Structure formats: C-alpha cells, structure tokens
Amino acid sequence: MDFKTFVAPLHPFVMRNPARGGNGNQHPFGDAIKVAKRLTESPGALMSVDLPDMLPGWPYNWPGMDNWLNQVKAFIEDKKKSGLTNWYGLEIWNEPDGTWKESNGSFNEMWKKTYDLIRQADPGEKIIGPCYSYYQENKLKDFLQYCKQNDCIPDIISWHELSGIDGVASHLKAYRNLERSLGIKELPISINEYCDAEHELEGQPGSSARFIGKFERYKVDSAMITWWFVPHPGRLGSLMATDTEKGAGWYFYQWYGDMTGDMVSVTPPNENSKNVDGAACVDASKGYVSFIFGGPNDGSINAVIKNLPTFIGSAANVKVEKVDWKSKDTPSSGPDKIFEKSYPVTNGQISVDLSGTNGSSGYRIYITGTGGAGGAGAGAGDAPAPAPVPVPAPGNNDNITNNNVPNNNNNANNGFPGNDNNNNNNINNQWNNNNNNNNNNQWNNNNNNNNNNQWNNNNNNNNNNQWNNNNNNNQWNNNNNNNNNNNNNQWNNNNNNNNNNNQWNNNNNNNPWNNNQWNNNNNNNNQWNNNNNNNPWNNNNNNPWNNNNNNNNNQWNNNGNVQQATTNVSQGPKYKIVNRNSNKVLTAGNDGNVQQWSDNGNTNQQWTMTKEGNGYKIVNVGTNMALDVSGASKNDGSNVVVSSSNTGTNQLWSVQEIGAGYSVIQNLNSAKNLDVEKGSIIDGGNVLQWSNNGNSNQQWKIITV
C-alpha cells in the first residue's frame with residue numbers, strides 16, 4: 001500500500017496489529033514491529049500490540065505459562081531492538097471471555113504474571129486490557145477488584161463494541177461509574193474493536209459518524225475499527241474499496257482527520273438512539289468551524305449552530321458537502337458540494353437546513369467568515385478537528401445544534417473526545433426535532449454501518465483524528481445461523497453459569513445482536529442465541545467453544561468427525577453447491593475468492609466434479625479454476641479460493657454424505673471442512689476451511705444443474 005497516498009492523509013492515531021504475523025501465528029497478515037516502522041511516516045501515529053495474536057489457533061492454543069512468558073519476553077526484546085518509540089501499549093490478551101479456556105488455568109494469574117514481566121522487561125510501556133469481547137460490567141468489576149488487590153491495574157482499560165451503536169453511550173457512562181465505585185482513578189478507554197452488527201456496512205460514513213460522535217462525547221482515548229473481511233488485509237476497515245481505490249468511508253475519515261483546534265460539544269436529539277450523530281471543531285487560528293455527521297434520518301436535517309466564535313463575524317460562509325456510499329467495495333470519487341452560501345449570524349447562531357439526506361452518506365458543514373481567515377476557499381485539506389455532534393432523532397426536520405463548549409483546552413482532540421471544557425471558541429451542535437412525532441424508531445436501521453473506524457491523533461497538532469485500524473481478524477464475527485435444530489453459540493464457554501447479560505441472547509434487551517440481522521425470533525437459530533440469560537458464551541449444546549457438551553461439536557475439537565460414506569456424485573454433470581445454513585450457493589469471485597451468494601444461474605456458481613484418487617477435483621465452470629485452500633494451509637480459518645489446476649491434494653476434496661441430501665466436503669490435504677465463515681447467511685459470506693463441528697454452515701447440498 002502507498003502509505004503517503006492512502007494512510008498519512010487520514011492522520012491515524014492508533015493502529016492495532018498482531019505481535020507477530022505469518023504462518024504459525026493467529027494471522028498470516030500483519031506484524032506490529034514492521035507496521036510500526038511504516039507508521040513513523042505519519043507523525044503521532046502509534047501502534048497497539050495484540051500479544052496473543054502471536055499464538056496459533058482460535059481460540060488461541062495456550063502453550064503453557066512458561067512458554068507464553070518466554071514469547072512475550074522475546075517480543076519485547078525485538079521491540080526494543082527495533083529502536084521504535086511509537087507504541088500505544090501492549091494488550092496482554094484478547095477477548096478472554098471467549099478465548100481463555102478453563103483448562104489453561106487462572107486468567108487472573110496469567111494476567112498478573114504477564115503484567116509483572118512487562119513491568120520488569122519494558123517498564124515504560126503501557127499495559128492494555130482486559131479486551132473483553134463486549135462490555136460486561138460484572139466481569140470488569142471482578143477483574144478490576146483483583147487488579148487493585150494485586151497491584152496490576154492496566155494503564156488503559158479496553159473492551160470491544162461489536163454489536164453496533166446500541167448501548168455504546170450507556171456502556172461508557174456505566175464504566176466511569178464503576179471506576180468511582182471501586183476507588184480507581186479514571187483510566188483512558190480504548191475500544192479496540194468496534195463495528196455495527198451488519199458487517200457488510202463496514203466503511204459506511206453514516207454509521208461511522210455515530211461512533212465518532214459518541215467516542216468524542218465520552219472522551220474515549222482510542223478506538224479501532226474491526227477487520228471482518230480477512231481475505232482483504234490492508235483495506236483499513238473497508239475505508240478502501242479495493243487495494244488501490246478509496247471508498248466513501250476514506251473521505252469521511254479524512255474530514256475527521258483534518259479537524260484541528262478545539263473539539264466542541266454536540267448534543268444529539270436522542271443519545272441512546274441509532275440516529276444521526278457526529279463531531280465538530282473550532283480552530284480560531286485557521287478561522288473555521290467544521291461539523292461532520294451522518295446516520296439514519298427522515299430525509300431532512302436542520303443543523304442549529306450556536307455560539308459561533310467572533311472570528312466568523314456577522315455573516316458566515318457555509319459550505320455543505322456530502323460523500324455517498326453504495327457498498328464497502330464500491331470506489332468513491334470523493335465528496336460533492338451540495339451548496340455554498342452566506343448566512344447572517346443572529347445572536348451568535350445560524351440554522352442550516354438540509355433536504356434529501358439519507359442514512360448511509362456522510363455530511364460536512366464547513367463554516368468560515370466571509371473574507372476572514374480561512375475564508376470561502378478553505379478546502380477539505382485545510383479542515384478541522386472533530387467534536388461530538390448531535391444526532392437528530394427521527395422526525396421531520398431533524399435539528400442539530402452546536403453549543404459553544406469546546407471539549408479540549410488546546411488543539412484538536414487527544415483521542416476521540418476532547419478533554420476539559422474551555423470557554424473559548426465554543427460551538428455546540430445540537431439536533432432538535434421540530435415536531436412532536438415520537439418517531440424515534442423510524443431512524444433505527446439495523447443495516448447501518450459496520451465500519452466505524454475512528455481516526456484520532458493524540459498530539460496537539462492537526463492530526464487528532466482517531467482512526468485506528470484493527471488488524472485483528474476477530475473470530476467472533478458471526479451472522480445469523482439458520483440451523484433450526486441447535487443453538488450453535490460460537491461464543492459459548494460453559495464455565496460461566498451465572499445467567500444474565502447474555503450478549504448473544506435473543507430474549508433480553510441487552511443482547512447486542514437483538515433486533516438485527518443476527519436475531520431470529522421464530523426459532524433458536526441465532527448463532528448468538530443462548531438459552532441461559534446471562535452467560536454470553538454459555539450454551540447447552542453444539543457450542544463450538546464448549547468442551548463439555550455431549551455432542552462433541554466443539555469447533556476446536558476434531559472428535560465430532562463425520563462418518564465416512566460412499567458418495568453418489570457423478571463426474572460428468574455440472575452442479576451447484578448449496579449451503580444448508582444459508583441456502584446460498586458456492587460462488588467463485590472474479591478475484592479468485594470463494595464466497596456464498598444467492599442463486600443467480602451464472603456459470604461462476606456452477607461446478608464440475610471429477611474423481612481423482614481418493615477425492616474429487618471440483619472445478620468452477622465460469623473461471624475454469626479448481627477449488628483450493630490458499631497456500632495449501634492446514635490451519636483452521638485458511639481461505640478457500642479458486643486457482644489454476646495442479647496435482648496437490650489441497651485441490652482434492654472428499655464428499656461425505658450425512659443424510660437428508662446433505663454432505664460434508666472435506667479437503668484431503670488438511671482434513672478440514674468447507675465452511676461458511678462464522679455461520680454467515682448473507683450474500684458475500686466468506687468460505688474457508690474449518691475443523692469438523694457438525695454445524696449446518698459446514699453442510700452442503702450438491703444439485704445437478
């Protein structure tokens with residue numbers, strides 16, 4: 001990737017990478033030391049190191065305490081040898097609520113020993129944790145109490161927000177209350193994975209704006225967008241549409257990264273809704289005000305900007321721009337100007353009306369004085385530093401109001417949110433509804449965003465944009481599992497028997513997957529659904545994380561092998577191969593990647609099957625290429641592709657009938673099953689290989705075309 005063209009203009013604050021990348025590690029991509037070296041090209045950009053990602057497997061294959069500590073020590077030694085200083089901190093573990101097995105021993109003991117090692121070997125480095133997969137107050141309370149008693153409190157507290165914007169504000173407020181109740185000083189917060197529940201919306205400006213608004217408002221120090229689409233590393237959380245083309249999200253985050261000066265307060269019409277939100281800044285030295293926003297709305301937004309600074313004068317030059325989004329893979333030519341005109345300033349405020357707005361586009365209002373510093377000619381590159389912006393509640397004429405109350409004493413934001421309030425140059429964006437329609441749900445759109453990349457910069461210059469890229473292929477991504485017969489909770493960990501706050505439970509209000517694509521109210525098909533009310537990882541059966549169930553369907557365990565059976569697949573005809581879980585068809589993409597897609601009758605959904613030795617060569621009719629495991633890998637999660645035919649067993653597959661017309665298709669080289677990643681049921685769901693787990697996303701119907 002051309003760093004200067006695609007990364008530096010975004011002014012990143014923190015990027016997240018595995019401690020080590022490559023074969024034998026959790027990810028074949030990324031490497032914290034190598035990427036940190038590249039980040040030096042962007043002054044102020046820091047690297048957050050995901051230490052457990054240097055281990056293989058998912059959940060991580062625990063090597064034993066001594067081996068683990070030796071690996072951490074070796075990484076620290078290599079980190080020091082690099083001479084680099086642009087480190088944000090070391091994350092001791094990732095998503096322990098799902099990846100730490102009881103058989104590993106005590107998580108708290110591992111935390112304490114690793115903490116002490118880092119303090120001894122790298123005393124100046126910040127320690128980050130616990131990186132729970134979602135906000136779990138009881139677990140956080142127990143963890144922090146242990147840390148306080150054992151002198152191992154992290155320097156930066158972290159958890160993930162993987163279920164969309166719902167609950168983000170309440171989680172951030174609840175955590176600060178928890179600190180106060182425990183007598184712990186206020187710690188910087190890192191939301192080191194965040195996204196919407198609808199992952200295909202990764203990179204969408206409208207969805208991202210809401211995360212940026214709340215992270216700024218509640219002074220989150222850093223936040224990293226997720227990386228769901230593993231076959232495409234380097235696309236910055238889908239801000240890039242292709243490896244060399246920018247998406248709409250890229251331009252929205254450039255607006256954010258360009259913000260300078262003071263971040264100012266923005267009040268949304270409904271802080272706890274899914275509706276429009278954003279951030280604003282004032283830069284007196286450059287003479288401008290910038291307000292970025294987006295999210296679900298009713299087609300019209302009224303932005304009321306109060307307490308304009310005196311440098312704007314009696315007339316404000318207002319330029320309104322938008323950047324439209326079609327999909328995460330659609331290149332964008334950049335923002336379009338909606339209009340530019342002069343507004344009289346009355347009692348320090350103006351009101352800007354926008355019509356024809358939508359929930360997926362991103363918007364910017366850029367204000368200068370008529371003829372003052374940074375006047376009408378100021379462009380996106382001269383832009384401002386973000387501040388929290390208001391979210392219009394649904395209803396006609398969603399109003400946004402900017403009140404004067406900068407959140408930062410100096411220049412742009414130190415992490416998303418600004419710091420202490422400053423009485424100079426205050427702008428407060430506030431979204432008001434002009435009517436009394438209690439229509440708040442009108443804005444709830446579950447398809448909003450998966451890409452809330454936050455570009456923040458912690459220095460006092462222009463680069464305060466909180467975009468953080470998460471190079472962590474989080475295995476917790478999941479789509480709705482349509483298996484009608486079992487609760488395949490991929491997050492299950494049957495060590496947790498206390499029943500409340502089940503993150504994946506369809507039946508309680510705290511379920512981050514509730515009321516969205518992951519929810520299935522008619523049957524217990526939701527892969528995240530759990531019959532126990534509280535344990536997000538707990539499930540009774542078919543739990544890929546559960547080692548204690550009778551069905552032996554542990555995704556990480558090969559004991560649930562499908563019995564071998566003869567096959568009746570013939571060699572001549574063309575076939576379509578349909579996934580049982582999603583009812584989508586195995587499809588070869590033009591880029592060689594294999595995905596599932598709705599049946600369209602095209603030849604890239606048709607396959608021939610030729611008997612070769614103990615298996616079948618499965619060749620795509622449209623591409624004339626063979627179904628293959630990338631790199632002949634034998635690891636869980638390795639990508640399935642089509643490539644030129646060769647004699648390797650990585651292109652040979654056995655077909656094992658399991659009844660009801662379905663089969664398991666297993667690679668002869670790896671003995672892993674053809675699998676739709678994380679039980680996805682949507683078009684474009686990725687196909688990879690995985691150890692047999694008995695789940696319906698590994699079951700296929702082979703139908704003659």
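The model is predicted: local features need pLDDT of at least 70, side-chain atom pairs count only at pLDDT 80 or more, and totals for chains, interfaces and linings use all residues. Residues are numbered from 1 along each chain as its sequence is written, and side-chain values use heavy atoms, with hydrogens and water left out.

**Stop one: H160.** Select H160 in strand 5, residues 156–161. Strands (E, at least two residues) and helices (H or I, at least four) are DSSP runs, numbered from the N terminus. H160 is buried, at 0% relative accessible area. Buried means under 20% relative accessible area, exposed over 50%, partly exposed in between (1.4 Å probe, protein chains only).

**Stop two: strand 9.** Select residues 277–283. Seven of the seven are buried. Colour one side: D277, A279, C281 and D283. Then colour the other: G278, A280 and V282. Both faces are covered.

**Stop three: the neighbours.** Show strand 8, residues 262–267. Strand 8 pairs with strand 9 in the antiparallel sense over three bridges; pairing requires at least two DSSP bridges between two strands. Pick M263 and its bridge partner C281. Now show strand 10, residues 288–294, which pairs antiparallel with strand 9 over seven bridges. Here A279 has I292 as its bridge partner.

**Last stop: the turn.** The hairpin of strand 9 and strand 10 has four residues between the strands. Select G287, where phi is positive, near 75 degrees.
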